[in-house]
Amino acid sequence: MDSLITAAARALASGDALGALNRIALRNDAAALALRGIAMAQLGELGRARVLLRRAARSFGPNEAVARARCVVAEAEIALVSRDLGWMTKALGRARALLEQHGDRLNAAHARHLEVRRLLLIGHLDEAERALSALDPVLLPPAWRAAHELAVAGIAIRRLRTAAARAALARADHAAREAGIPALSAEVEHAYRVLNTPAARLVAHGKKRLLLLAEVETLLGSGAFVVDACRHAVRVADRVIPLARRPVLFALARALAEGWPADVPRGVLIARAFGARFTDESHRARLRVEVGRLRAMLRSVAELRATTRGFALSPRSASEVVVLARPVEDEHAPVLALLADGEAWSSSGLALALGASQRTVQRALDALAASGRVQPFGRGRARRWTTPPLPGLTTPLLLQARLSAG
């Protein structure tokens, strides 16, 4: 490798994209094309970066499989930043395996971290944790070590382990400072802000207040009877009863929890569960059926009693009943929460992250665009959606409930 290529690679490793381009901007050999692609990606010119990396991959000779694999990893990082979450995951896995086979442990580790970050975005925490456990951060240089600890913190945050998240972020901050890359330090700072931003809203006894992530963790470990409107479930200590696929039952559970310890009139329950403005005997009959189904699902943690005017919730062991809601409740809150990370998302990436059909997500995006809350740019497969960060709304830390397919 000649001296200019070596100098450009070192500049890129330190985050100096312009310094790298000054050395190789006029060269069109394979190595220079690859480094130019990475430099353009660091400068935010993602489309141009992708074109350069593909040209570089085609330009490398038949005996340069490792170089081509590095181009695949670089393109995968661009796809991740572009929130193109369905991009060539098998190709990235093959590139990582080839890099490991040829002893390029640093780029193989980078590929592994990209896989983990994608798994985090789509909510596959167990897979992300298993993938991350295959890496030893002690062997990594500072920049890669910071990325590793950010991934560890991401998993801990989503699992509501705030102490572990803070410890990982402290290690990430130290590694980022050691690496001397401002963009990496900014990413760590952004992750810290997540821990200090309201993550949910507590509704109890007719009052509401915002909760930080650590307070959510304390609440869920307190043994209270929690109707979790972030993930559409009922939680009592370690017991979780999912209701994401039973929206009527969840609406009844939330209405009963908000009315606790008093009973809730039948008319209120019918309006909350069925959206009916007027009630008749058919509504009351349907309410009895749905309450019976909810009673069966909650049998181990609560009793549902019929009263003269409606129904009441009586927890079996918990002394407190609360509702845990999103900081900002909106019909399209899951989409807004993902877009609040400041990145430009494709509709296919949103659908994958939310476990919904692309048609359902597109309808939500169209409604949000009509009200001016999101903006599209680009056309066709290159179209992306973005919105300014919303005050009081976290990224999808607690939004594990899936949207219904449409």
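# Sheets, helix packing and burial in a predicted model

User: In β8, which residue is the bridge partner of Leu304?

Analyst: This is a predicted model, in which local features need pLDDT of at least 70 and side-chain atom pairs count only at pLDDT 80 or more, whereas totals for chains, interfaces and linings use all residues. Residues are numbered from 1 along each chain as its sequence is written, and side-chain values use heavy atoms, with hydrogens and water left out. β7 and strand β8 (residues 310–315) pair in the antiparallel sense over 5 bridges, where pairing requires that DSSP finds at least two bridges between two strands. In β8, the bridge partner of Leu304 is Leu313.

User: What is the angle between the direction of helix α13 and that of β8?

Analyst: Helices (H or I, at least four residues) and strands (E, at least two) are DSSP runs, numbered from the N terminus, and angles run from 0 to 180 degrees between N-to-C directions, with axes fitted as lines to C-alpha atoms, for helices over the stretch in contact. β7 and β8 are joined by 5 bridges in an antiparallel pairing. Helix α13 (residues 247–259) packs on the sheet and touches β6, β7 and β8, and its direction makes with that of β8 an angle of about 80 degrees.

User: Which strands are the edge strands of the open sheet of 3 strands?

Analyst: The strand order in this open sheet is β6-β8-β7, with antiparallel pairing. Pairing on one side only is what marks the edge strands, which are β6 (264–265) and β7 (302–306).

User: How many of the residues of strand β1 are buried?

Analyst: Buried means under 20% relative accessible area, while exposed means over 50% and partly exposed lies in between (1.4 Å probe, protein chains only). In a regular strand the side chains alternate between the two faces of the sheet. Both faces of β1 are covered, with Ala200, Leu202 and Ala204 buried on one side and Arg201 and Val203 buried on the other. Strand β1 (residues 200–204) is therefore largely enclosed by the rest of the structure, its count of buried residues being 5 of the 5.

User: Which residue in β9 stands opposite Val203?

Analyst: β1 pairs with strand β2 (residues 207–211) in the antiparallel sense over 5 bridges, with Ala200 opposite Leu211 in β2. These two strands form a hairpin with 2 residues between them, and His205 in the turn has a positive phi of about 55 degrees. β1 is also joined by 3 bridges to strand β9 (residues 321–325), the two running antiparallel. In β9, the residue opposite Val203 is Val323.

User: Are α4 and α5 roughly parallel or roughly antiparallel to each other?

Analyst: Helix α4 (residues 46–59) and α5 pack with their axes 9 Å apart, at an angle of about 165 degrees. Angles under 35 degrees count as roughly parallel, over 145 as roughly antiparallel, 65 to 115 as roughly perpendicular and the rest as oblique. The relation of α4 and α5 is therefore roughly antiparallel.

User: How many residues in the contact of α5 with α7 are charged?

Analyst: The axes of helix α5 (residues 65–81) and helix α7 (residues 105–121) come within 10 Å and cross at roughly 25 degrees, so α5 is roughly parallel to α7. By class, Ala, Val, Leu, Ile, Met, Phe, Trp, Tyr, Cys and Pro count as nonpolar, Asp, Glu, Lys and Arg as charged, and the others, Gly among them, as polar. The residues of the contact of α5 with α7 divide into 6 nonpolar and 2 polar, while the number charged is 4.

User: What is the relative accessible area of His113?

Analyst: His113 has its place in helix α7. Leaving aside neighbours within four places in sequence, His113 is in contact with Leu132, Leu135, Leu140, Trp144, Ala147 and His148. His113 counts as buried, with a relative accessible area of 3%.

User: Is Ala237 buried or partly exposed?

Analyst: Ala237 is found in the loop between β4 (233–236) and β5 (239–242). Not counting residues up to four places away in sequence, Ala237 touches Leu220, Gly223 and Ala224. With a relative accessibility of 45%, Ala237 counts as partly exposed.

User: What percentage of the residues of the protein count as buried?

Analyst: The protein has 18 helices and 11 strands, and its C-alpha atoms fill a box of roughly 85 × 45 × 35 Å, taken along the principal axes. Of its 406 residues, the proportion that count as buried is 48%.

Technical notes: Contact = heavy atoms within 4.5 Å.
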